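Me: I have a chain open on my screen and want a quick tour. Can you walk me through it?

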Amino acid sequence: MYLLLLQKDTSGQLWCFCPSCFAPQPHLNTGKTTLPQEGSPMTSFPIEGEPGKEEIIAVLTKEVPALDWLRQENDEVLSLEASHLIELLKYVTERGDYQLWYTDYMVIAR
C-alpha cells in the first residue's frame, strides 16, 4: 500500500506529511507503522502555533498516485493548496480503489 498523509494544523493550513522528511518511505508493509519513520531525520512532530484542533487524513492506495505535486526536489513538508486537493480528489474518485482514514486531536499547549 502507498500512504499519503495530510495534516490540517490549528491555523487551518494543510500539509503533506507523507511523503516528506517525516515519512520518506510512503510504501507501507503489512503490520504496524509509526511516524516519524525509522531512518527519518526527524524524531518527533513539532508542536507549533496556537492551541486548537488538528486533523489528519490518511489516503491509502495500491499504487503511487500520479500526482505532479507529490514528488518534490527536497524532502520538506509540502504546503497544500486547493489545486492539490482537487487533483487528489479527482485521482481517487477515478481510481475507486482507495482507503480514507480520518482522525483529529486537540493541541492544548505548546
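Me: What helices and strands are in the chain?
Reply: The chain has one helix and five strands. Keep in mind that this is a predicted model.

Me: What pattern does the chain follow along the sequence?
Reply: Reading along the sequence, you get β-β-β-β-α-β. The radius of gyration is 14 Å, close to the 13 Å from the globule rule for 110 residues, so the chain is as compact as a globular protein of that length.

Me: And what box do the C-alpha atoms fill?
Reply: Roughly 40 × 30 × 30 Å, taken along the principal axes.

Me: How much of the chain counts as buried?
Reply: 35% of the 110 residues. The accessible surface is about 7300 Å². Carbon and sulfur atoms account for 52% of that surface.

Me: What about contacts between residues at least 6 apart in sequence?
Reply: Of those contacts, 72% join residues at least 24 apart.

Me: Charges next. How many positive and negative ones are there?
Reply: There are 8 positive and 16 negative charges. Their mean positions lie 6 Å apart.

Me: Now Glu54. Where is Glu54 found, and is Glu54 buried or exposed?
Reply: Glu54 is in strand β3. Glu54 counts as buried, because its relative accessibility is 7% and the cut-off is under 20%.

Me: Which side chains make polar contacts with the side chain of Glu54?
Reply: The side chain of Gln7 makes one, at 2.7 Å. The side chain of Tyr105 makes another, at 2.6 Å.

Me: What else is Glu54 in contact with?
Reply: Set aside neighbours within four places in sequence. The contacts of Glu54 then include Lys8, Asp9, Thr10, Thr103, Asp104 and Val107. Val77 is 23 residues away from Glu54 along the chain, and their C-alpha atoms are separated by 16 Å.

Me: What does the side chain of Thr61 reach?
Reply: The backbone oxygen of Glu63, at 2.7 Å.

Me: And which residues does Thr61 touch?
Reply: Not counting residues up to four places away in sequence, Thr61 touches Met1, Tyr2, Tyr91, Asp97 and Tyr98.

Me: Asp97 is on that list. Where is Asp97 found?
Reply: Asp97 is in the loop between α1 and β5. The helix α1 covers 82-95, and β5 covers 98-107.

Me: How exposed is Asp97?
Reply: Asp97 is partly exposed, at 42% relative accessible area. Beyond four places in sequence, Asp97 is in contact with Thr61 and Lys62.

Me: How far apart in space are Asp97 and Glu81?
Reply: 24 Å, C-alpha to C-alpha. In sequence, Asp97 and Glu81 are 16 residues apart.

Me: New topic: the loop between β2 and β3. Where do β2 and β3 sit in the numbering?
Reply: β2 is 14-18 and β3 is 52-61.

Me: What are most peptide bonds, cis or trans?
Reply: Most peptide bonds are trans.

Me: Gln37 is in that loop as well. Buried or exposed?
Reply: Gln37 is buried, with a relative accessible area of 11%.

Me: What does the side chain of Gln37 reach?
Reply: The backbone oxygen of Gln25, at 2.7 Å. Leaving out residues up to four places away in sequence, Gln37 touches Phe22, Ala23, Pro24 and Gln25.

Me: Last one. What does Leu28 touch?
Reply: Leu28 is in the loop between β2 and β3. Not counting residues up to four places away in sequence, Leu28 touches Met1, Leu3, Thr33 and Leu60.

Me: And how far is Leu28 from Lys62?
Reply: Their C-alpha atoms are separated by 9.9 Å. Along the chain, Leu28 and Lys62 are 34 residues apart.

Key
Residues are numbered from 1 along each chain as its sequence is written. This is a predicted model: local features need pLDDT of at least 70, side-chain atom pairs count only at pLDDT 80 or more; totals for chains, interfaces and linings use all residues. Side-chain values use heavy atoms; hydrogens and water are left out. Helices (H or I, at least four residues) and strands (E, at least two) are DSSP runs, numbered from the N terminus. The radius of gyration is taken over C-alpha atoms; the globule rule is 2.2 Å times the number of residues to the power 0.38. Buried means under 20% relative accessible area, exposed over 50%, partly exposed in between (1.4 Å probe, protein chains only). Contact means heavy atoms within 4.5 Å. Accessible areas come from the Shrake-Rupley method with a 1.4 Å probe; for residues, only the protein chains shown count as cover. Lys and Arg count as positive and Asp and Glu as negative; His and the chain ends are not counted. The place of a charge is taken as NZ of Lys, CZ of Arg, CG of Asp or CD of Glu. A polar contact is a pair of N or O atoms within 3.5 Å; within protein, one must be able to donate a hydrogen and the other to accept it, and residues adjacent in sequence count only if both atoms are side-chain atoms.
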